[in-house]
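User: I'd like to learn how to read a few features in a structure like this one. Could you walk me through them one at a time?

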Amino acid sequence: QILNKIDVISFIILVLSFYMIYKVLNYLILHNQLINYNKKHSIDLKSNCKVIAHRGSRCEGLPENTIAAFIDAINHGADIIELDVWLSLDSKVIIHHDKDFNRMTNSQCNSLVTSLNYNDYPLLSPSNDNQLHRTHLYPKDFTTRVPLLSEVLDVLTNNYQPNDNSINISNYLIKRDKTFCGNKEVCLIIEIKQRSLDLINAVVDLLIHKGDDFISRVYMFSLDEQTNNMLRSINRININTICSITEMLRVLICYSIGFLSFIKLKDQVFGVSINEITLEEIRKESAIKSLPDFIKVFLSYILVGKPPYLMNAPGLFKQLRSSGSPVWFLGVNDVKDVSIAIEAGVTAVLTDKPTWLINYLNDNNIKFQQVKSFK
């Protein structure tokens, strides 16, 4: 019996020893993985922007992706404006989120964005009061018309001339010395909604017209990995890209198993959605459509929660910050979301309520992490 007890104790000590060795090795491997990039960064201190206005002030009383929503977010201190682009039938780069006009016209127009010439686009009239109750503060043209990307670029470079000559833009766009993060210039995120090289080239042409200094303030991405690959191959300008869902998962999985040093990161910005990713969304992802369904079901289990457990990796975020990469949380719209972002150690957040968020951060003296600068 004494020998049996000794054997049990020895076995427990052996198991505990192996467990401790595993924990130490796991910590050393996870926290000392090298970050390798496919492409040199062109990000500078502008990457320390903090508040990203998702489609403008879209949940603060103005229709999303309109001139009014963008101006409002800029006036209240947003550091970055995020918008979505498509190509109209007559090859105009237009700003709209959905593939059709149904939601933003209160079901009055179901046409696809790509099926109409720009001059035939309907006026916007969303039914959601979150996008309506402050429209009286801006000219009707600013709140009801689908804008062109060229117009927003002009807003961001102080060259905007409204369609209506009677409108004095200086009455609505406040000239300020700094944004919330301290930079005078507002940055821009362009999400490519179509898998279209024509659209990408049209966007690049517009950016080239604005010059290198403005281009340094621009980020481009698509949730579709194949479209993101097109963006990464742009050689006419040096553009910073944000990871797609597929690339985000690849990096997180490689980090979790200690393989991060053996891959190259494709993008300069690491964006993470804090919203739960459903099985339906996973099944729609084109990059993994060919995978067996049981793998997609498995992914849906590990992506449960807010934020999904797999996506909340403070150790990875710290290493990315140290290597000069911004880490952004997407979908931060309440106090709990802000707490999650602070705990995780992100450098900026994308929000539908930029005015509320900026006021909340200021009132509570809350600061996000900084990106290391190598300049």
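User: Let's begin with the surface. Which residues form a nonpolar patch there?

Analyst: A patch here is built from residues with over 30% relative accessible area and no salt bridge; like charges are joined within 9 Å, and nonpolar side chains (Val, Leu, Ile, Met, Phe, Trp, Tyr) within 5 Å. In this case the patch consists of F11, I12, V15 and L16, which together have about 380 Å² of accessible area. Areas come from the Shrake-Rupley method with a 1.4 Å probe, and for residues only the protein chains shown count as cover. One of the four, L16, sits in helix α1 (residues 2–30).

User: Before we go on, what am I looking at?

Analyst: This is a predicted model, where local features need pLDDT of at least 70 and side-chain atom pairs count only at pLDDT 80 or more, while totals for chains, interfaces and linings use all residues. Residues are numbered from 1 along each chain as its sequence is written, and side-chain values use heavy atoms, with hydrogens and water left out.

User: How many helices and strands does the protein chain have?

Analyst: Both are DSSP runs, numbered from the N terminus: helices are H or I with at least four residues, strands are E with at least two. The protein chain has 13 helices and nine strands.

User: And what share of the residues is buried?

Analyst: Buried means under 20% relative accessible area, exposed means over 50%, and partly exposed is in between (1.4 Å probe, protein chains only). Of the 375 residues in the protein chain, 52% are buried. N228 in helix α7 (residues 225–232) is one to look at, with a relative accessible area of 0%. Counting contacts as heavy atoms within 4.5 Å, and skipping residues up to four places away in sequence, N228 touches F221, S222, I242, C243, S244 and D267.

User: Which residues of helix α12 are buried?

Analyst: In α12 (residues 335–344), they are D337, V338, I340, A341 and A344. Looking down the axis of α12, these buried residues fall within an arc of 160 degrees, so they line one face of the helix; the arc is that of the directions from the helix axis to the C-beta atoms. K336 and E343, on the other side of α12, are exposed.

User: What covers the buried residues of α12?

Analyst: The cover includes α11 (314–322), β8 (327–330), β9 (348–351) and α13 (354–363). Check the ends of the helix too: at the start of α12, a side-chain oxygen of D334 comes within 3.2 Å of the backbone nitrogen of K336. Just after α12, G345 has a positive phi of about 85 degrees.

User: Now charges. How many salt bridges does the structure hold?

Analyst: A salt bridge is a side-chain nitrogen of Lys or Arg within 4 Å of a carboxyl oxygen of Asp or Glu. The structure holds 20 of them. R145 pairs with D141, their closest N and O atoms being 2.8 Å apart, and R145 also meets E151 in a salt bridge (2.8 Å, N to O). R145 counts as buried because its relative accessibility is 14%, and E151 is buried at 8%.

User: Where do E247 and R250 lie?

Analyst: They're both in helix α8 (residues 245–256), three residues apart, about one turn of the helix. E247 is buried at 2% relative accessibility, whereas R250 is partly exposed at 26%.

User: Which residues are linked in a network of salt bridges?

Analyst: That network links R55, R58, E64, D84, D98, R103 and D352.

Note on methods
A polar contact is a pair of N or O atoms within 3.5 Å; within protein, one must be able to donate a hydrogen and the other to accept it, and residues adjacent in sequence count only if both atoms are side-chain atoms.
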